[in-house]
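Open the model in a viewer and keep the selection panel at hand. The stops below are given in the order in which to select them.

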Amino acid sequence: MSVAEKVGQLFVPAFSSRADALAKIKKYHVGGLIYFPENFGSPARTAAQSNALQKASKIPLLLGVDEEQGIVSRTPFITRFPGNMALGATRNPADARAAARVTGSELHAVGINLDYAPDADVNVNPANPVIGLRSFSADPALASTLVTGAVGGYQDAGVAATAKHFPGHGDTAVDSHTGLPVIKHSPKTWERLDAPPFKAAIAAGVDVIMTAHIVVPKLDKSGDPSTLSKTVLTGLLREKLGYEGVITTDSLEMAGVREKYGDKVVPVRAINAGADQLLMPPSLPRAYNAVVKAVRSGKITEKRLDESVTRILRLKQRRGLFQGTAVDPAKAKAAIGTAAHKAAARQVAEHSVTLVRNKGGLLPLKGKKVAVSGPGSDRLLAALRRQGVATASRGSADVTVLTTENAGSATASRVRALGPKPVVVAALGRPYDLDAAGGAAAALATYSSSAVSVDALAKVLSGAVKPVGRLPVPAGGEPVGYGLGYR
């Protein structure tokens with residue numbers, strides 16, 4: 001391979017159209033591409049597009065997507081699962097593995113061979129604006145077991161898994177898409193809190209680890225984001241944790257990595273820090289030419305370049321890409337949304353619903369007239385009726401179910417506004433809403449407003465399904481692991 005071809009392997013850009021992708025493959029020899037919603041057609045058309053892109057490339061491409069499920073979902077036709085925090089509430093690595101296997105198999109059917117999932121961050125900050133529900137848990141041990149399950153599930157399906165965001169993005173109140181978060185964890189805290197899920201992912205043979213655009217001053221005093229820190233990527237991830245797989249940057253379009261250095265400097269510094277793949281450079285020509293120039297001038301040694309290219313090629317070999325990448329467009333649709341896949345999603349949703357309060361045995365609701373208020377109330381009303389629950393207007397109802405979705409402290413006033421009759425609060429988003437639901441007689445969390453989670457909530461409220469979920473984060477005044485059942 002020429003230097004130009006080797007450098008190309010490091011880049012994974014976004015693309016605006018098939019023609020744009022083909023031009024990037026031809027001119028820059030890119031090692032991969034990332035799909036976004038606008039790049040998808042029907043399953044058959046997506047599969048045909050993936051085949052066309054692979055055919056145009058001399059070396060098989062890593063075709064990736066951010067398909068975490070839950071609140072980060074980019075694939076329009078995929079079977080919908082509730083997301084990671086709901087899986088955390090199941091406390092079941094088999095559920096995490098099954099969900100990832102279904103997601104991976106559907107991506108594989110349309111020619112996508114890399115998923116930028118699972119999220120391995122330990123969400124200990126309720127105000128975290130960028131992780132939250134994307135995290136399995138605030139408990140590093142629980143997060144570790146579920147990361148292990150998810151990595152296995154994706155890779156069972158022949159899709160490369162990516163643990164993210166190293167060294168850990170769970171304790172920030174700043175979004176790295178729009179700013180540069182600073183996390184003040186000491187090495188001891190990092191070892192106890194942030195490192196375990198990444199260690200678990202490495203032990204599970206994870207294909208890729210993604211960097212975080214965060215500054216952790218007690219891990220690296222330079223003030224550089226971790227993506228550009230040799231101390232973090234080479235020192236901690238490679239040498240301390242013994243990781244030998246591919247390191248990818250998070251998107252280089254994000255503000256968190258662009259605050260300190262220009263777009264020509266960032267890719268060179270990322271590679272010298274220890275990154276192998278450069279995801280979504282703001283300008284592919286500028287970044288690519290900067291890296292080629294750095295190799296030719298010796299700023300990036302050929303040895304360093306070869307290390308990254310070797311890791312990338314080994315990943316492609318491990319995922320079988322050199323044996324063939326073609327998928328069958330005619331079979332793509334039939335592989336997606338099967339009865340078995342929908343059943344797996346229902347199981348995860350039903351296992352995740354968590355009952356946090358049930359004063360006076362108010363729940364289940366059978367035999368009571370029920371009103372519903374809040375986001376998604378129409379869908380929940382319909383689902384309750386399907387379960388045989390009598391519904392009514394607020395004035396004539398015995399009890400009101402108030403749904404919330406990331407309402408925070410406003411939850412308290414919404415409960416009060418519903419008047420003297422008993423209120424059940426159902427948090428369809430972050431369970432931290434339950435912290436302000438002290439005035440409610442009963443409180444539950446679903447961690448998701450997806451159709452499958454709303455249906456599971458209706459089944460639990462009606463008594464058709466017993467609640468078995470346990471809190472994956474502290475919420476509603478209760479600790480991790482808390483959850484009530486029905487007698």
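Helices (H or I, at least four residues) and strands (E, at least two) are DSSP runs numbered from the N terminus, and contact means heavy atoms within 4.5 Å. This is a predicted model, in which local features need pLDDT of at least 70 and side-chain atom pairs count only at pLDDT 80 or more, while totals for chains, interfaces and linings use all residues. Residues are numbered from 1 along each chain as its sequence is written, and side-chain values use heavy atoms, with hydrogens and water left out.

Stay on α11, residues 284-297. Its 14 residues reach 20 Å from first C-alpha to last, close to the 20 Å expected at 1.5 Å a residue; the expected span is 1.5 Å times one less than the number of residues. Colour Leu284, Ala287, Tyr288, Ala290, Val291, Val292, Ala294 and Val295, which are buried. Buried means under 20% relative accessible area, exposed over 50%, and partly exposed in between (1.4 Å probe, protein chains only).

At the N-terminal end Ser283 is the cap, with a side-chain oxygen 3.2 Å from the backbone nitrogen of Arg286. After α11 comes Gly298, with a positive phi near 90 degrees.

Next, select Asp276, in the loop between α10 and β8. Is Asp276 buried or exposed? It counts as buried because its relative accessibility is 0%. Show Arg311 as well: the side chains of Asp276 and Arg311 are joined by a polar contact of 3.1 Å. A polar contact is a pair of N or O atoms within 3.5 Å; within protein, one must be able to donate a hydrogen and the other to accept it, and residues adjacent in sequence count only if both atoms are side-chain atoms. Leaving aside neighbours within four places in sequence, the contacts of Asp276 include Leu10, Arg238, Ile247, Arg304 and Ser308.

On a 1 Å grid over the protein atoms alone, a cavity is a set of points where a 1.4 Å probe fits but cannot get out; a pocket is an open set with protein on both sides within 12 Å along at least five of seven lines, and lining residues have an atom within 4 Å of a point.

Select its lining: Leu252, Asp263, Val266, Pro267, Pro281, Pro282 and Ala287.

The largest cavity has a volume of about 90 Å³. Among its 14 lining residues, Glu68, Asn84, Leu87, Ala99 and Tyr154 are closest to the centre. α4 (84-90), α5 (93-109) and α6 (140-156) each supply at least two lining residues, and α5 gives the largest share, 4 residues.

For the largest pocket, the space is about 280 Å³. Its lining has 23 residues, of which Asp66, Arg74, Arg134, His177 and Asp250 are closest to the centre.

Finish at α14, residues 339-352. Select its buried residues, His341, Ala344, Ala345, Val348, Ala349, Glu350 and Ser352. Their cover includes α4, α5, β9 (354-358), β14 (442-445) and α17 (451-462).

How values were computed:
Grid points are joined across faces, edges and corners, and a volume is the space filled by probe spheres set on the points.
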